[in-house]
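These are my notebook entries on one structure, kept in the order in which I looked things up.

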Amino acid sequence: MPDISGQELRRPASVELYAVVLALLASLALIWGITGEPLVAVAYGGTLLVLGVAGFAMSRRRTVPHADVPGEADWSVTVAAIEQPDCAIAITDRANRLVCANSAFQKWFGVEHAPPEIRVDGPSHERLARAARAAWRDGSARAEHIAAADAGGLCWDAAVVCCGRGGDYLSWRFEPVVAADPVETMAQVLAGSIGACFSAAGVEAAIVGPEGAIRAASAGFAGRTSGDASASMAGQDFASLLRVDERDRIYFAREGRQGDPQTLVQVPLGDPREADGMPSADMTPSLMLLLDSGIGIGGGAVAEGGSAPQLDALLAQLPLGLALADRDGRFLFANAAFQRAAGIEGKPLPPYPSDLVVREDKAALVDAVRRFAQGAPSSGDMAVRLRRMADEPVSLGLAGVRGLGEAAVLLSLVDTTEEARLKRQVAQATKMQAVGQLAGGVAHDFNNVLTAIIGYCDLMLLRHTPGDSDYDDIQQIRANSNRAASLTRQLLAFSRQQTLRPEILQLPDVVSEVSQLLKRLLGEKIKFKVHHDRDLGAVRADPQQLEQVIVNLAVNARDAMHARGDGSGQLTMATRRIMAADIRRMKSDIIPIGDYTALIVEDTGGGVPPEFLGKIFEPFFTTKEKGKGTGLGLSTVYGIVKQSGGFIFAENVPGAAGGRAVGARFIVYLPVHHAVAESRTERPVAKQASWSGGGRILLVEDEDMVRAVAERALAREGYEIVTAADGEEGLEHVTDCGRFDLVVSDVVMPGMDGPAMARELRKIAPDLPVLFMSGYAEEQLRNQIDLENMHFIAKPFSVQQIGEKVAEVLSSARHISS
């Protein structure tokens with residue numbers, strides 16, 4: 001569509017001129033007829049003529065497009081430059097706003113959010129966020145294996161570069177990760193020296209699609225079928241190049257019976273299973289091998305009862321895992337790729353293929369080998385579980401072969417070790433994220449219940465004095481409620497949603513603070529040793545939460561050593577200085593390159609069983625006896641470390657000469673905090689001990705029991721309380737009922753939530769303070785809401801706590817206004 005900006009639509013010049021002349025003559029006639037004076041009519045006509053010519057000249061002007069203002073960025077030029085069909089490119093500014101993006105980015109991610117806040121899964125989002133921070137700091141960064149959030153199978157490698165004249169922009173580049181095509185890989189193998197080796201051994205090879213058309217072939221196959229070894233065989237029908245005689249012997253059509261009969265072996269490439277999981281070899285391309293039946297290596301003949309030696313040579317050269325079995329199901333041969341995929345590399349080949357799988361799959365595999373070894377040649381595949389990877393089913397291909405002496409079944413197996421490892425890592429990360437979200441949601445709902453229980457206990461205690469029959473019972477209810485509240489804090493710690501009070505501190509100081517407590521917890525039989533590096537970098541973390549991390553790791557080590565026998569052992573804590581060069585040498589895909597201070601906790605408790613190492617940070621997972629552990633200790637450690645921006649790893653300490661593990665080692669990496677000038681967005685307000693000025697408060701809470709407790713607690717303090725069950729009702733009260741001194745509101749509510757209501761209230765009363773009640777982390781809440789004069793109180797709270805917090809907020813608001 002042509003660009004018509006800056007142009008005006010006009011009638012033809014002749015039409016406009018004709019209209020002007022007619023208007024002029026009509027005006028002259030009218031004036032002459034009214035005045036009877038020809039001079040007046042002529043003067044008036046001359047004036048009209050001048051004005052008409054001027055108007056005509058202005059109407060014929062051309063609009064000149066505005067020149068670009070020097071200094072302004074013309075992003076349309078950038079968009080045209082970055083347009084690439086197979087690569088998503090976007091540019092963001094320091095406010096993380098999407099400045100421009102090409103069509104591939106819009107197609108894959110949309111334009112609702114800018115990187116790193118795009119539609120990807122949780123672990124990928126964290127990698128993108130780390131890459132953004134690294135790019136602002138170092139100028140460039142990369143994030144690999146970025147997976148789509150909708151599990152559609154899309155995956156990208158991302159590169160981010162800091163650009164612009166003042167370094168004010170980030171350029172994001174997302175390139176799709178394309179898995180290696182086994183058909184293309186095999187085609188390259190056949191076109192090279194290996195294809196020539198096949199032909200020299202009397203074996204010709206071609207890759208045939210499920211429709212029967214040739215996709216690639218070795219030079220020897222092309223020479224024997226067309227007479228020209230350099231001819232392209234792509235697209236030709238494979239079956240038309242062969243002939244079958246009355247005895248079902250196969251010959252090349254060009255050679256006829258003058259040539260040697262051929263033995264045809266079909267090897268499916270890829271996974272040939274259909275959607276219902278049933279075998280279907282005609283759904284995938286295949287490697288077709290044609291072997292001269294009368295020629296052996298060096299020209300010798302193949303014995304009737306023996307195996308074709310050239311077939312063994314062929315299978316040994318192929319990158320696919322291939323093996324041969326006889327009619328009784330015994331192994332005859334297996335190449336190195338098959339042994340590696342089966343997990344028996346460097347070990348003797350077992351007698352039967354069924355010796356490689358778990359007991360539950362043995363009978364099915366024995367039956368399948370027997371079935372393919374008898375009857376007409378056919379091929380298929382089945383899912384089996386190897387003994388070395390009992391939790392990861394693999395696809396085992398089977399094909400019946402004839403005319404190869406004892407060989408009756410060809411088995412194929414692909415090495416999926418790396419793929420399985422990546423799947424486990426992705427599954428573990430996804431599971432930890434999902435469990436964390438679930439734990440946070442449960443803790444949030446449970447906090448509402450505990451708020452009501454603790455609040456009613458406080459109100460009842462106001463009516464009872466020590467010595468009353470009910471006083472001790474109420475105290476027990478309150479104490480157990482506080483104990484339950486500590487469990488919810490552990491769940492919130494695991495889900496990284498608890499409130500932290502970070503400070504700049506030295507890790508050895510925190511270890512020293514809890515050393516005496518640890519010695520009492522460990523007991524006399526366990527030796528406690530501490531080592532510190534010099535020149536450790538400061539870290540930014542909540543000291544109380546770090547103490548919780550150290551105590552939990554120490555208690556976990558103590559329980560492990562007690563479980564071994566007499567309860568004796570040694571616990572070692574050490575702090576280490578980890579430089580960026582050390583991280584670079586580690587070649588870790590998880591820890592970004594930078595300076596860290598590490599806390600290492602090592603025990604002699606016998607280590608963690610290898611099958612449990614990937615599960616120990618999951619909530620409620622424990623190896624202790626029933627009733628001796630909640631399963632929240634290590635999950636709490638994991639959540640605190642992650643929320644503090646760090647990383648934690650667990651490993652076993654091997655014994656002498658690589659023997660059985662003698663203990664476990666936990667390593668916590670905390671990033672070194674480099675002091676920078678931080679702008680304070682909030683005015684520090686001294687906490688007020690009391691407030692006696694009263695006030696009118698709007699209380700918005702969807703949970704009836706929490707609303708009732710808070711209303712009674714604040715009414716006792718002399719405040720006038722107006723309640724609302726949701727955000728819409730609260731907004732109506734402010735609109736209809738006049739002025740309020742404070743709004744106390746829940747965050748998550750049906751309909752209009754607390755933050756949305758607060759934004760609307762600020763349009764009516766800009767200086768109205770808001771106190772949010774929530775079980776989620778204050779830092780997370782402030783990042784999401786970003787309102788001035790906003791305050792926070794964590795659930796569950798007591799009657800005294802909410803009274804003191806409201807007094808503090810009202811006092812600070814009065815102080816600011818004055």
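Entry 1. I began with L599 and found that it stands opposite V668 in β23. The two strands concerned are β21, residues 596-602, and β23, residues 663-671. They run antiparallel, and I recorded seven bridges between them. I note here that I am working from a predicted model.

Entry 2. I then asked to which sheet these strands belong. It is an open sheet of five strands with mixed pairing, and I wrote down the order as β18-β20-β21-β23-β22. At its edges I found β18 (526-532) and β22 (647-653), each of which pairs on one side only. From one strand to the next, the twist averages 15°. For the record, strands of a sheet pair through backbone hydrogen bonds, in either the parallel or the antiparallel sense.

Entry 3. Which helix lies across this sheet? I identified α14, residues 507-522, which lies across β18, β20 (569-578), β21 and β23. Relative to β18, helix α14 runs at about 175°.

Entry 4. Side chains of opposite charge can pair when their charged atoms come close. I examined R665 and E602, whose side chains meet in a salt bridge at 3.0 Å, N to O. Because R665 lies in strand β23 and E602 in strand β21, this pair ties together parts that are 63 residues apart in sequence. E602 has 27% relative accessibility and therefore counts as partly exposed.

Entry 5. A further salt bridge joins the side chains of R576 and D533, at 3.8 Å from N to O. I located R576 in strand β20 and D533 in the loop between β18 and β19 (539-541). The pair links distant parts of the chain, 43 residues apart.

Entry 6. I moved to a second open sheet of five strands, in the order β25-β24-β26-β27-β28. Its pairing is parallel. The edge strands are β25 (720-724) and β28 (790-794), and each pairs on one side only. I noted an average twist of 20° from one strand to the next. Within this sheet I followed β26 (residues 742-746) and β27 (residues 770-774), which run parallel and are joined by four bridges. Which residue of β27 is the bridge partner of V743? I found V770 in that position.

Entry 7. I next inspected R696, which lies in strand β24 (residues 696-700). Its relative accessible area is 19%; the cut-off for buried is under 20%, so R696 is buried. What does the side chain of R696 reach? I listed a polar contact with the side chain of E720 at 3.2 Å, and the backbone oxygen of R739 at 3.0 Å. Not counting residues up to four places away in sequence, R696 touches E720, V722, C737, G738, R739, F740, D741 and L742.

Entry 8. I then took up strand β10, residues 262-268. Five of its seven residues are buried, so β10 is largely enclosed by the rest of the structure. I found β10 paired with β11 (residues 286-292) in the antiparallel sense, over seven bridges. Q262 has D292 in β11 as its bridge partner.

Entry 9. Lastly I collected the totals for the protein. I counted 22 helices and 28 strands. Of the 818 residues, 42% are buried. The accessible surface comes to about 44100 Å², and 53% of it belongs to carbon and sulfur atoms. I also looked up contacts between residues at least 6 apart in sequence, and 57% of these join residues at least 24 apart.

Key. Residues numbered from 1 in each chain as written. Predicted model: local features only at pLDDT ≥ 70, side-chain atom pairs only at ≥ 80, totals over all residues. Heavy atoms only, no water. Pairing = 2+ DSSP bridges. Axes fitted to C-alpha atoms, helices over the stretch in contact; angles between N-to-C directions. Contact = heavy atoms within 4.5 Å. Salt bridge = Lys/Arg side-chain N within 4 Å of Asp/Glu carboxyl O. Buried < 20%, exposed > 50% of the residue type's maximum accessible area, 1.4 Å probe, protein only. Areas by Shrake-Rupley, 256 points an atom, 1.4 Å probe, with all protein chains shown as cover. Polar contact = N/O pair within 3.5 Å; in protein donor to acceptor, adjacent residues only side chain to side chain.
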